[in-house]
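Subject: The structure you asked about

Hi,

Here is the structure, ready for you to open. Have a look first, and then read my notes on what turned up.

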Amino acid sequence: MATPRRLTEVPRHLLVCEKSNFRHEKSRHRHLVETHYHNYRVSFLIPECGVLSRELNSLLAEAGPYYSVKNLPLHEFITHEFITTFVKRGSCYALTYNTRIDEDNTVALLPTGKLILSLDKDTYEETGLQGRPSQYSGRKVMKFIVSIDLMDLSCNPGSKKYERVSWSFREKKPLKFDFLLAWHHTGAEEAAMTSYFCDYGIREHQPRVAVSTLSDLQCPVLQSRELGGQPAAACGAPELLDWLGAVFSGAELNNEPHNFISAYCCPQPSTVVARACVCTVTGFILPEKVLLLLEQLCRYFDEPKLAPWVTLSAQGFADSPVSWTEREHGFRRGGEHLYNFVIFSDQDYWLQMAVGANDDCPP
């Protein structure tokens with residue numbers, strides 16, 4: 001009996017690896033972090049470390065806040081007051097939650113002021129807005145993408161475009177969603193977002209931080225100049241990413257015969273470190289917060305350390321309509337879009353960016 005084709009096909013995944021130095025004037029690290037807008041988990045690993053520094057603990061304590069709002073009408077995002085208060089005076093982020101990108105309508109607000117709507121065919125037609133077919137729709141288009149520039153709307157509040165969007169959101173097809181919200185700003189009132197959305201039962205949250213110390217951890221041997229690895233001398237970037245995934249998920253790495261859960265073992269060559277500190281932050285985490293963690297980890301080597309390298313990983317929401325910048329994101333079978341930095345003591349770094357089947361190549 002022939003095996004159905006869909007069971008034999010392996011969905012395409014993309015992994016882009018590159019190396020550079022944080023001090024290099026053309027280093028892309030800042031841009032890649034700042035344009036990966038919607039992060040739900042950030043993890044870092046420090047070999048030969050048992051206790052986090054005071055500076056890292058301070059940054060972890062300030063990883064929030066973020067907010068949740070239920071049944072928020074979409075027209076709230078296009079009001080002059082909202083755009084003036086949040087979009088123009090900082091970086092405002094929003095993302096629908098309890099929605100599935102491949103089945104439901106989803107919305108994201110980017111810090112650039114772009115409101116991105118991923119709509120099913122019926123909803124798209126009912127809104128009367130202009131958009132484009134999703135590039136992952138296949139032969140029969142069932143998803144459409146609508147992009148609305150809030151900055152442009154605020155500059156032309158009496159324009160036909162503004163009136164059409166307002167009419168669509170308020171009258172023709174009023175849409176409501178549960179949202180996660182966050183706002184990065186300087187010098188503005190902290191309570192502004194809670195007071196602005198007080199009529200919708202807004203709730204404040206802090207990211208969940210979990211720190212653990214692993215003993216006698218088997219780690220891959222890495223050489224900063226050997227991104228692809230070197231037989232019998234150093235492991236490569238793809239092998240390291242697999243290993244990190246196992247460590248962050250708490251998998252056993254010894255490949256014991258009686259272990260039926262995980263047969264994975266550390267790639268070779270490897271070395272055993274007496275202890276390693278693993279930290280995971282889960283929530284709605286802004287790129288600005290991730291960048292502060294990355295910069296602090298770079299400063300980790302300002303004083304001599306036993307660790308030859310440290311890592312920082314960030315994973316995006318699987319059901320976000322975008323991955324990096326405004327690149328369309330889909331779910332297919334995994335919905336992954338993530339990146340990982342390996343930071344070496346001489347400020348060299350490896351950058352790994354991975355996406356799933358329904359994504360463009362990372363930037």
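A quick word on terms before the first finding: axes are lines fitted to C-alpha atoms, for helices over the stretch in contact, and angles run from 0 to 180 degrees between N-to-C directions. Helices (H or I, at least four residues) and strands (E, at least two) are DSSP runs, numbered from the N terminus.

This is a predicted model, in which local features need pLDDT of at least 70 and side-chain atom pairs count only at pLDDT 80 or more, while totals for chains, interfaces and linings use all residues. Residues are numbered from 1 along each chain as its sequence is written, and side-chain values use heavy atoms, with hydrogens and water left out.

**A pair of helices**

Let's start with H3 (residues 54-61) and H10 (residues 287-298), whose axes come within 10 Å and cross at roughly 175°. Which residues of H3 and H10 meet? From H3 they are Glu 55, Leu 56, Leu 59 and Leu 60, and from H10 they are Leu 292, Leu 293, Gln 296 and Leu 297; contact here means heavy atoms within 4.5 Å. Sorted by class, this contact has six nonpolar residues, one polar and one charged. For that sorting, Ala, Val, Leu, Ile, Met, Phe, Trp, Tyr, Cys and Pro count as nonpolar, Asp, Glu, Lys and Arg as charged, and the others, Gly among them, as polar.

Buried means under 20% relative accessible area, exposed over 50%, and partly exposed in between (1.4 Å probe, protein chains only).

**Another helix**

H9 (residues 237-248) also has twelve residues, and reaches 16 Å from its first C-alpha to its last, close to the 16 Å expected. Buried in H9 are Ala 237, Leu 240, Leu 241, Trp 243, Leu 244, Ala 246 and Val 247. An α-helix has 3.6 residues a turn, so residues three or four places apart point the same way. Just after H9 comes Gly 250, with a positive phi of about 75°.

**Cysteines**

How many disulfides are there? The count is zero, taking a disulfide as a pair of cysteine sulfur atoms within 2.5 Å. For Cys 198, the closest cysteine sulfur is in Cys 92, at 16 Å, too far for a bond. Cys 198 is partly exposed, at 49% relative accessible area. Cys 298 is in no disulfide either, with the nearest cysteine sulfur, that of Cys 49, 16 Å away; Cys 298 is buried, at 10% relative accessibility.

Most residues other than glycine have a negative phi, and most peptide bonds are trans. Here are some spots to look at with that in mind:

- Gly 64 to Pro 65 is a cis peptide bond, with omega near 0°. Pro 65 sits in the loop between H3 and strand E3 (66-73).
- Gln 268 to Pro 269 is cis as well, with omega near 0°. Pro 269 lies in the loop between H9 and strand E12 (270-285).
- Asn 98, which is not a glycine, has a positive phi near 65°. Asn 98 belongs to the loop between strands E4 (91-96) and E5 (106-109) and is exposed, at 60% relative accessibility.
- Thr 325 has a positive phi of about 45° although it is not a glycine. Its loop runs between strands E13 (309-316) and E14 (337-344), and Thr 325 is partly exposed, at 25%.

Gln 347 is in the loop between E14 and strand E15 (348-355) and is buried, at 9% relative accessible area. Leaving out residues up to four places away in sequence, Gln 347 touches Ser 20, Asn 21, Phe 22, Arg 23 and Cys 298.

His 29, in helix H2 (residues 29-34), is buried at 15%. With that same exclusion, His 29 touches Phe 22, Leu 294, Phe 341 and Tyr 349. The C-alpha atoms of His 29 and Phe 341 are 8.8 Å apart, though 312 residues separate the two along the chain.

Cheers

Notes
The expected span of a helix is 1.5 Å times one less than its number of residues.
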